[in-house]
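Dear colleague,

Please find below the structure that I am handing over to you. My notes on what was found in it follow directly after.

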Amino acid sequence: MTISRRDLLLGGAGLAAGAAGMSLLGSGPARAQSALKFTPEPGASLRVLRWSPFVKGDEDSWLANTKKFTELTGVEVRIDKESWEDIRPKAAVAANVGSGPDIMWVWFDDAHQYPDKLLDVTDLADDLASRYGGWYAGPEGYAKRDGRFIGIPLATIGNAICYRESWVKEAGFSEFPKDTQGFLELCKALKANGHPAGFPHGKAVGDGNNYAHWLLWSHGGKMVDENGKVVINSPETIEALKYARELYQTFIPGTESWLDVNNNRAFLAGEISLTANGVSLYYSAKNDPKLAEMAEDIKTTNLPIGPVGESVELHQTTTAVIFKYTKYPEAAKAYLQFMFEADQMNNWIEGSNAYCCQTLKAYASNPIWKATPLHEPYAKASETLRPNGYAGPLGYASAAVMADYVLVDMFAEAATGQRTPEEAAKRAEQRANRYYRV
Amino acid sequence: MSVSADTITAAPSSRWSLSRLAHDHNFLGLLFLLPAAVFLLVFLTYPLGLGVWLGFTDTRIGRAGVFVGLENYELLWEDQIFWLSVFNTILYTTVASVLKFALGLWLALILNERLPFKAFFRAIVLLPWVVPTVLSAIAFWWIYDAQFSIISWALQRMGLIDAPINFLGDATNARASVIAANVWRGIPFVAISLLAGLQTIPPSLHEAATLDGATSWQRFRYITLPMLTPIIAVVMTFSVLFTFTDFQLIYVLTRGGPLNATHLMATLSFQRAIPGGQLGEGAAIAVAMIPFLLAAILFSYFGLQRRRWQQGGAD
């Protein structure tokens, strides 16, 4: 659901959110509406650990906003970066040892692995939600446990198909197919023209999981039911696996070994005609003068809709958590509150060039989403995402199943023909049961 | 008065015992051992003990576990991925160690000959060893890339193949590729260590054997090899241990893929413990490596250090 300015004005939080909306248009200060005030402790300083940026503007904007916070409050904030795959182990160590950064940007269901070690930020989350149109349900689910916020939903890294328009037209498709069957036909035609598609079937944490979850969910399969019972071995899953097998035949050889970066490389080298990725892929081409021609030819679109009849994707979510061990909880909350205020958050979303999708509904009207049609498929990532481990609860088991690449392996086994779809689904069921056991 | 009398008698006794302790070799020995013992206890025994203990608990990240006995091991016993990783680890260690030994010994024998620019060659041989593993792994990652491999490119240019080789996407190719990368990296350690061993063999033995009409193979078999065996035992023990516990190379190249065909016990242990959050099970996998490592050490100790054999006697 998209919230319009009219909805905002009519909603329960109408007045405050309306003011926020106005501020998005540059006509009023949002901070004036702040319902809660967090006063940093005397002498407070903060350490923030974030993932290394994929889009330079993201980091520049975040640092500039942080500087503003320091100037305003006197609280020094040190921001460290880690490769995005190292965030999970670092956060795990910090949680276990009880020492490390005060604030961390974690992925997916990380926060649900150590909820007891995280500061309850329900007051801050509710304050922001009341003034900025509320949280989108998907990112909120990743940050909330037992009705309390254990983190602040920071952003969703949208995933969408990036394709070469000229090659798609050359293959006889005037527009990009919207359904999975049409998509398969397109990939076959592209392959016949010497422009294969490419999605990772290797241990690609981000892209591999995005692709595998889309395959499964678009065909109606799911890992577990609402009670956490493993139901992956289902006719819907078998259909998804058969589809994956057919799609795989249209791929460039070698996708079984692809890690997260390989599809980017192959796409930018003109080896593949389409793949799914964050918008950073487009900007890699756009910012390289040698690839100017290719950048002109790149278009983006959402992944096709399967038999379930609706768009279902995993995307990648990131949540800002404050560890309980922090000496300066008020300063940490004040910092996050400041960064989520309209001036800063709008600046950051724009700086990120559509890489980071807002988690608060009021920011959906940020002009970045209309800046180019290429951004549009990424604009609703927070709104349409389906959480990991759907339809069960988020927690240790959902995180462990993803970390063990159960879905990614299942699709790779069936797609490459190493196992029949039935065998692959059964094996995934056995593996998932190890984690979802009572 | 009685108090002072006691003091007077006690004081010489205390001085006497201190001075006696200062000259007591056993006490001094213990005293000087203490720093090293503390170091070993804190940095080796404690982590090892903690790891073994964690393997018997269901500890997860952010949650202290409770003792669950052998449950982790029972679960692993039924886990096909675990057994695949055991197979992969044994295959990886065996093939890589044999190749490293054969090629390393060969290289050491060549470097022990009189060669022009001997020092230069000896230095250059060490390069793969001194380059950080992660850097060389990234280089191999490019070499084995599914689309941009230089090997595939060169072979295609020469007209020997039509399509790029699927180095890391096919299970057999991937295993061979990671083993090749490990061998490339490990040869210098074996070669240089064995070269050092070769140089301790007195030339007079070779001269005497030559005078007696021994062929070069006989000199190698009856002089070089027996004299080198103690070094080989130590070098290969280390080499096997390094290979068995390898992590970085696999983590950079394949993350254990394709389809877990290159997952080693070390990489699986990490995957389960840290990204997967199951510290208990991860620790159990790591502990399961210990019997294999002990077996390797015992084999080299008892199998390769038989002195009678070294001295030309029967086994």
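In which order do the three strands of the open sheet in chain A lie? The order is E8-E7-E9, and the strands pair in an antiparallel manner. Please bear in mind throughout that this is a predicted model.

The sheet in chain A

Strand E8 (274-277) and strand E9 (298-301) of chain A form the edges, each pairing on one side only. From one strand to the next, the twist averages 30°. Strand E7 (residues 160-164) of chain A is joined to E9(A) by four bridges, and these two strands run antiparallel. As an example of this pairing, Ile161(A) has Thr301(A) as its bridge partner in E9(A).

The contact between the chains

Chain A contributes 33 residues to its contact with chain B, and chain B contributes 28. On the side of chain A that touches chain B, at least two residues each come from helix H4 (87-97), helix H11 (262-268), helix H19 (396-403) and helix H20 (406-415) of chain A. H4(A) gives the most, with five residues. Sorted by class, this side of chain A has 15 nonpolar, seven polar and 11 charged residues.

Helix H19 of chain A

One of the helices named above deserves a separate paragraph. Eight of the eight residues of H19(A) are buried, so this helix is largely enclosed by the rest of the structure. Among the buried residues are Tyr396(A), Val401(A) and Met402(A). What do the buried residues of H19(A) pack against? Within chain A, they pack against helix H9 (207-218), H20 and helix H21 (421-436), and in chain B they pack against helix H13 (265-273). Just after H19(A), Tyr405(A) has a positive phi of about 55°.

The domains of chain B

Chain B is divided into domain 1 (1-55) and domain 2 (78-310). The centres of these two domains, taken over C-alpha atoms, are separated by 44 Å. Four residues from domain 1 of chain B and six residues from domain 2 of chain B take part in the contact between them. The residues on the domain 1 side of this contact comprise two nonpolar, two polar and no charged.

An unreviewed UniProt entry places the feature "domain: ABC transmembrane type-1" at residues 86-302 of chain B. In the model, this span is 75% helix and 0% strand, and its end C-alpha atoms lie 24 Å apart.

With kind regards

How values were computed:
Residues are numbered from 1 along each chain as its sequence is written. Chains are lettered from A and ligands numbered from 1 in the order in which they are written. This is a predicted model: local features need pLDDT of at least 70, side-chain atom pairs count only at pLDDT 80 or more; totals for chains, interfaces and linings use all residues. Domain bounds come from an automatic or database domain assignment. Two residues are in contact if their C-beta atoms, placed from the backbone, lie within 7 Å. Ala, Val, Leu, Ile, Met, Phe, Trp, Tyr, Cys and Pro count as nonpolar, Asp, Glu, Lys and Arg as charged, and the others, Gly among them, as polar. UniProt positions are given in the numbering used here, feature names are shortened, and annotations may be inferred rather than shown by experiment. Two strands pair if DSSP finds at least two bridges between them. Axes are lines fitted to C-alpha atoms, for helices over the stretch in contact, and angles run from 0 to 180 degrees between N-to-C directions. A residue is buried if 20 or more other C-beta atoms lie within 10 Å of its own, exposed if 12 or fewer, and partly exposed in between; C-beta atoms are placed from the backbone.
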